[in-house]
Every structure is written in structure tokens, then in C-alpha cells.
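Look at the sequence and the model side by side. We will walk from whole domains down to a single residue.

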Amino acid sequence: MDLWFSEFHTKNVKLSIKVDKQLYSKTDEFQRIDVFDSPEFGIFLTLDGYMMLTQKDEFIYHEMIVHLPMAVHKNAKKVLVIGGGDGGALRELCKYKSLECIDIVEIDKEVVDVCKKYLPFTACGFDDKRVNVYYQDGLKFIRKSKNEYDLIIVDSTDPFGVGEGLFTKEFYGNCYKALKEDGIMVNQHESPFYDEDAVAMKRAHKRICESFDIARVYQAHIPTYPSGHWLFGFASKKYYPIKDLDAKSWQELGIKTRYYNTNLHKGAFMLPNYVEDLLKDVE
Amino acid sequence: MKILNQASAPIYEALKNLKNERIVPFDVPGHKRGKGNQELTGFLGEKCLSVDVNSMKQLDNLCHPVSVIKEAEALCAQAFGAENSFFMVNGTSSCVQAMIMSVCKSGDKIILPRNVHISVINTLIICGAVPIYINPEINVRLGIPLGMSVSKLKLAIEENPDAKAVFVNNPTYYGICSNLVEITSLAHSYGMKVLVDEAHGTHFYFGKNLPISAMKAGADMSAVSMHKSGGSLTQSSILLVGKNINANYVMQIINLTQTTSGSYLLLSSLDISRRNLALDGEKIFEKVFEMAEYARSEINDIGNYYAFSDEIINGDTVFDFDRTKLSINTLDVGLAGIEVYDILRDEYDVQVEFGDIGNILAYISMGDSYKNIERLVGALAEIKRRYKKGKADILDCEYINPTVCLTPKKAFYAEKQSVSLSDSVGNICTEFVMCYPPGIPILAPGELITKEIVDYILYAKEKGCLLTGTEDLTTQNIKILKEDI
């Protein structure tokens, strides 16, 4: 048998992964959820046919979206994850003993249930006592919160479909309001490489710049995402991502990581010229 | 005539059959099923162009329906509880025109509220009917005109017993309904016909817990914007006719101004939408109702915004309220409605139906989702956080009582002279001035221009309303009656 999963990265480019077997498939009121097992990437989850995470490379994404802001904000007690139904960001957050409360808002309970069953390597994050799960629209949840969080992690899907509301000006503005005066927001920021992705990336950056005084972008290499070159947004009310990094303190925590380290932290903000140009366009 | 079955859609089915027949077209339209205009076909799609066809035997003729259009119109009449219905392809404006011209000739009086849609006064210019205006009351808190007062109507009828018809906006753009049953019985007792602009009330015929529809209230004719809450294509509308109206005469009136090339895209959209509403309307509007109620309560929770509902019912000028309408008063945020309208569009990529001085109207329909409603609510919350100031110094009245000096027709066709808006005070206006949307004239031909009106126009302009109607596209100059100079 020759079974493959393919995702179009543009109309003319696709990535195909050989599939051993499909473990799950269901279309609920929000989206289609599929789980596959593959020889190269292990278990992987797709939503509406778009790659969310694979067992082999998810550590890159989750480490970069969690440890980087946590190494800047030294007094974070209360964190909100928006999206992130796979639990990977929670898993990384739970490594910080200093955190007191981790709220997660995921619109689709089915995603969480499926991940708990088929992706225990990320969904283990749900087991921690400090984690509170809310199944509702992220935009609605954040609208009702004010001056509450030290860190907000926006772990969303792409800006087309279910995640659309999480790339809007009203969403970022409401996140600003929900953060404490020294709060940080990090977000999944799309890719700068292919034209269509770059448009979405610029748009998100523009919207974030309109709400936050400090808005920077950092990068990571994620092999299964379009072009492999992926960006994250770092937006903040007070802290600068490099100047306020306390490398020594973070290293003393002794958190074991495979991708993130405090040198890479600084390097991740050193962007290629073409990306700098795209960002400058909208700043 | 066949037994009517609401599950059928005769025009839609005839078009599907036509596609299967593979007829070689040597008739118009000249794009020939799109083959002659590839760019247009690429843009609109082959499916769409393949049914953009002309009247022919199996498709009937809109100007003289005998087969599938006739059947579709009969199904529509049945679905809406009317005696007859007409499919209209030039919008609800053409329905309004047909209603008035069917019951009024030149010089005949018609009783109507002044806050009518522009199409009503346009019709008076065309047919020469004489308006007898009833001034709608204003809700001062909201700055919006209300419905028709039965006692004021009685007064107008007694003063003008020779009037031929009473014209009612029901519901208004804001969802306000008048006492249609009482109005109809009063008008009928004086031998006057009742015409209803029901542009915003298609759903009244299908949903539950909604105000009474014109046909049910016994009105004689109603103009229904199927393309608003009914889901059909823009420009497609329905004219409903009751049992005391000669439908064949109405057809003749319609044909005076109707195209002889009625679009089958529009007609099939009416047919399919009627079927949809007849079969699933109750369920559809239940969802719309719930979404509007949800949005209203969330918006009121933000504070300072006032998304009003049936608490404004007063037994007369607000006899009932359409709770699928989401009108939001913005004055306590310190912003004019039109300013919120602009911010929503320019900064938040949210387009609402209109903004006037005190309110915005977000149109909630069968195409909406809770996800999108969260965006609207989220954006409004943000606008309050970022822009909130004290209650703005805002004109508190939307409606200005007009002094009518000439009929619209006489004024429109009179000798005119152009003067600057500020110099026009004290003269008689010969054209329209309105904000669009909502398209309700501030000034109509034949009305006295007062300082109050000029101030209001300048204020609306300053706030960013799009002013239309005057020959001068910038609305700096206005045409007045020449004799007055």
C-alpha cells in the first residue's frame, strides 16, 4: 500500500508524508480533525487538512512559544493559552514551578479529547493541577478579562477558518487589556516565505503594532510547516525581548530543552533582510 | 393550475432542464452562456453565466407570466399568505413605485410618514400624487423616528377624506413596527388602501415571535425585500397583493417601467429563496433571533452602548419591535454612530449596515455565525476602551419636521437655481438631500429650507455621512425654486 498525506503549501507546492495508517477522522461543528501515524514523523494531527503538529518536530514550536517569553518575564504567575488544544504549550509551561495558574481556552473540545487519546506526548500537559480548561471562543473569553495575566500565548491555527478571529485587531487589543502592566503576548505568526502566508504575517504584525508599544518577531525552523521557516510574535507592554532576558536566572531553573537555549533566544530575533523589510512595511 | 407544492421551485427547475437540453443559442444575451466573455465567466463562474439567459418558451416571460414564472409567483403568494405576488427585478424601490402608482393617479392624495425611503417620494415625482405627511414622533434618547401613530393618522384621514391610500413603513430600518391591524381597519373604513413598505420584514412571514406581517394584518399591498432578510440576490424583491386589488392592473403598472429582459439570476434566486423560507424559514429565523438576542445582551454588557429592544414599545408609535434587528446607540461612548461605523470598517474590518448620528445598525441574518458576532462585539468593546470620552456634544434629534410648500413633482420640474447651502435658508428646495444609507430624505423637493435643516446637513457632513441626492455631488450647492429669488 502506498498511502500519503499531502498538504498544499501553495497552489504549486505540496508537502507529502507517507502514512502508515489513519488513526482518527471526524468533522465536528468547527472543523475536520484527522490523526495519522507515519514512519518519518510519527503521530501527526491535522485540522481541515492543515498540519498542526508531528511527534517528531512539535518540540521546536512548543519550546519556542513558551520558554522564550518565560525567560524574559521573571515574575509570571498567571498564564493564558489561547488555542493549543494539543496540550504541547501546557506541557512546557508546567515545567515552571513558579507558575500558579495556567488557563487554556480552546474552542473545540473534540481536539482536546482526540489529543488526549492519540497524542499523549503533548496532551500530558492537561494533567497538571494548575491547568484550567475553558471550552469557548478565545475572542469572547479574552473580552471579559482585564489586567489579569502575566503572559498570553496565542497558539492558533491559520488565519483562514476557525482561527480567523485570533488574527484581528479586536483580539490583540483585548489581549492588551487582559494583560497586567508588565504583561507579554506571544503568538503563532505564520511564515514570511510564500506570498499568501507573507500577507497574513504582515497583517498580523500590523495589527499587533497598533495595540502594543513593543512588538518584535522571532523565528524558528519547523520542518513540516510551509517553507519550514516560521515566525512568532513577541508583544509586550514593558519588557524588551533581548535587553530584558536574564539568561543566568533561566539557566539556573535547569529546564531541559532540545531546541531552545538562551543564545538561540537572542539569535531568533536576528531576521533575514527580506523579513525585516516585510515587517518595516507595516510598522 | 397544478396543486401548489412549496418543495418545488419552478423557475429553478426550468433552468436546470434548459441546461440539460443543450440548446444552441441564437438569441440574446450575446455572451452566449459566457463563452463570448471569458474574463467575466472566469470571475462569476461558468454555472452562473450558463443560466444568464433570455425569456423563452420553457422559461416564461416576466412581463406576461403564463407558465413557470406564474407558478413560482403563485407559490410565493401562498407562502406569504397573499392573494397574488409579483417577482420584481429592480429592487424594492420598484415595488414601492408599483404600489403607489397602482392606487394613486396624478393629483390623488396619499397619507404617509415623512421618514419614508427615497423611492416613495421619487414615485410621487413620477406620478404626481400629493403627499399628506404624518410626522413620526422621535425617541429623543435614541434620536430615531418611530412608527405611525393611530390617532395622528385618524386626524390626517379626517382632514383628507379624499385621500386614496395610507402608506406605512413597517418595520422601519431600526425594527420599529406600527399598529398595522388598527391602521388597516381605520384606513379601510374610509375606503383607503393600505400600502406597506415591508422592505425589512420578509422574515415576519416565516419566523416565530415576530411582529405581524402586512398581509396578515389585512394590508392591500406590500413591498418585500427578499434580498434583505430572505437571502435572495441583491435587487430581487417581491410585491405582495391582497384580495381587494386588481392584480392584472398592477401587472400593467409594473410593465410601464419594468425591463423586458428580466434577469433569470434574480428570478431563480427569488424562487429558491422562497422555497427555502417556506420549508425552513421558522428554523432559520429562530437562529437569527437567537444570534441577535445574544449580540444585544453581550453589547449591553460592555456598557455605554445601548442595543435597544422591545423595552421601547409604547403601545402606539412603537407598537411592536423586531428583535432580529440589532441597532446600537453609541452616544454614551462619546461617538456618533457614523464615527463608530467608520472605525469598525477602517480599523477592524467590520462592515455594518449603516451609522447615523446616534446609532449603528448591524444586520444579522441567516448568513451569520456566532464566530463573526464575537468579532463585532470584540471590536465594539475595543472601540469603547480606546475612544471613550464623555457624552459627546451631539445633535439630539434625527428628524426635522418639514414644511411642504409644493408637491414633489411641481418642485422637481420647476425652474431652478443653484445656491450655496448656507445661502439657501428660507427658499424652497427642488431636490433631495439625504444620508445614504439609510436613504431617508432630510429635504425633499417642495420643502422649505430652514436654518435647522441646513445646520443638520452640515453636521452630518462633518461627522462623515455620505450625503446624496443633490445635482451637486459634493452637496455644497443646492437647487432652489427660481421664483423665490
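Domain bounds here come from an automatic or database domain assignment. This is a predicted model, where local features need pLDDT of at least 70, side-chain atom pairs count only at pLDDT 80 or more, and totals for chains, interfaces and linings use all residues. Residues are numbered from 1 along each chain as its sequence is written, while chains are lettered from A and ligands numbered from 1 in the order in which they are written.

Start with chain A. The assignment gives domain 1 (4-54) and domain 2 (58-282) in chain A. The C-alpha centres of these two domains of chain A lie 23 Å apart. Their contact takes 21 residues from domain 1 of chain A and 23 residues from domain 2 of chain A. Two residues are in contact if their C-beta atoms, placed from the backbone, lie within 7 Å.

Which strands build the side of domain 1 of chain A that touches domain 2 of chain A? Strand 1 (4-10), strand 3 (21-27), strand 4 (32-38), strand 5 (42-47) and strand 6 (50-54) of chain A each supply at least two residues. Strand 6 of chain A gives the most to this side, with 5 residues. Helices (H or I, at least four residues) and strands (E, at least two) are DSSP runs, numbered from the N terminus. By class, this side of domain 1 of chain A has 14 nonpolar, 4 polar and 3 charged residues. Ala, Val, Leu, Ile, Met, Phe, Trp, Tyr, Cys and Pro count as nonpolar, Asp, Glu, Lys and Arg as charged, and the others, Gly among them, as polar.

Stay in chain A for one residue. Gln136(A) sits in the loop between strand 9 (131-134) and helix 5 of chain A. Is Gln136(A) buried or exposed? Gln136(A) counts as exposed because it has 12 C-beta neighbours inside 10 Å. A residue is buried if 20 or more other C-beta atoms lie within 10 Å of its own, exposed if 12 or fewer, and partly exposed in between; C-beta atoms are placed from the backbone. Leaving out residues up to four places away in sequence, Gln136(A) touches Val105(A), Ile107(A) and Phe141(A). Val105(A) is 31 residues from Gln136(A) along the chain, yet their C-alpha atoms are separated by 6.2 Å.

Now move to chain B. Chain B is divided into domain 1 (11-59), domain 2 (70-270), domain 3 (281-387) and domain 4 (408-484). The C-alpha centres of domain 3 and domain 4 of chain B lie 30 Å apart. Here 8 residues of domain 3 of chain B are in contact with 7 residues of domain 4 of chain B. Helix 11 of chain B gives the most to the domain 3 side, with 3 residues. That side of domain 3 of chain B has 4 nonpolar, no polar and 4 charged residues.

Next, find helix 12 (residues 370-387) of chain B. Its 18 residues should span 26 Å at 1.5 Å a residue, and its end C-alpha atoms are 25 Å apart, which agrees. The expected span of a helix is 1.5 Å times one less than its number of residues. Buried residues of helix 12 of chain B include Ile373(B), Leu376(B), Leu380(B) and Ile383(B). The buried residues of this helix pack against helix 5 (138-143) and helix 6 (169-178) of chain A. They also pack against helix 10 (264-302), helix 11 (337-348) and strand 15 (359-362) of chain B.

Strand 2 (residues 109-113) of chain B comes next. Of its 5 residues, 4 are buried, so strand 2 of chain B is largely enclosed by the rest of the structure. Strand 2 of chain B runs parallel to strand 3 (residues 130-134) of chain B, joined by 5 bridges. Two strands pair if DSSP finds at least two bridges between them. Lys109(B) has Val130(B) as its bridge partner in strand 3 of chain B. Strand 2 of chain B is also joined by 2 bridges to strand 6 (residues 165-169) of chain B, again parallel. There, Ile111(B) has Val166(B) as its bridge partner.

Finish with an open sheet of 3 strands in chain B, in the order 18-17-19 with antiparallel pairing. Its edge strands are strand 18 (440-443) and strand 19 (467-468) of chain B, and each pairs on one side only. Strand 17 (residues 433-435) and strand 18 of chain B pair over 3 bridges. In that pairing, Val433(B) stands opposite Leu443(B) of strand 18 of chain B.
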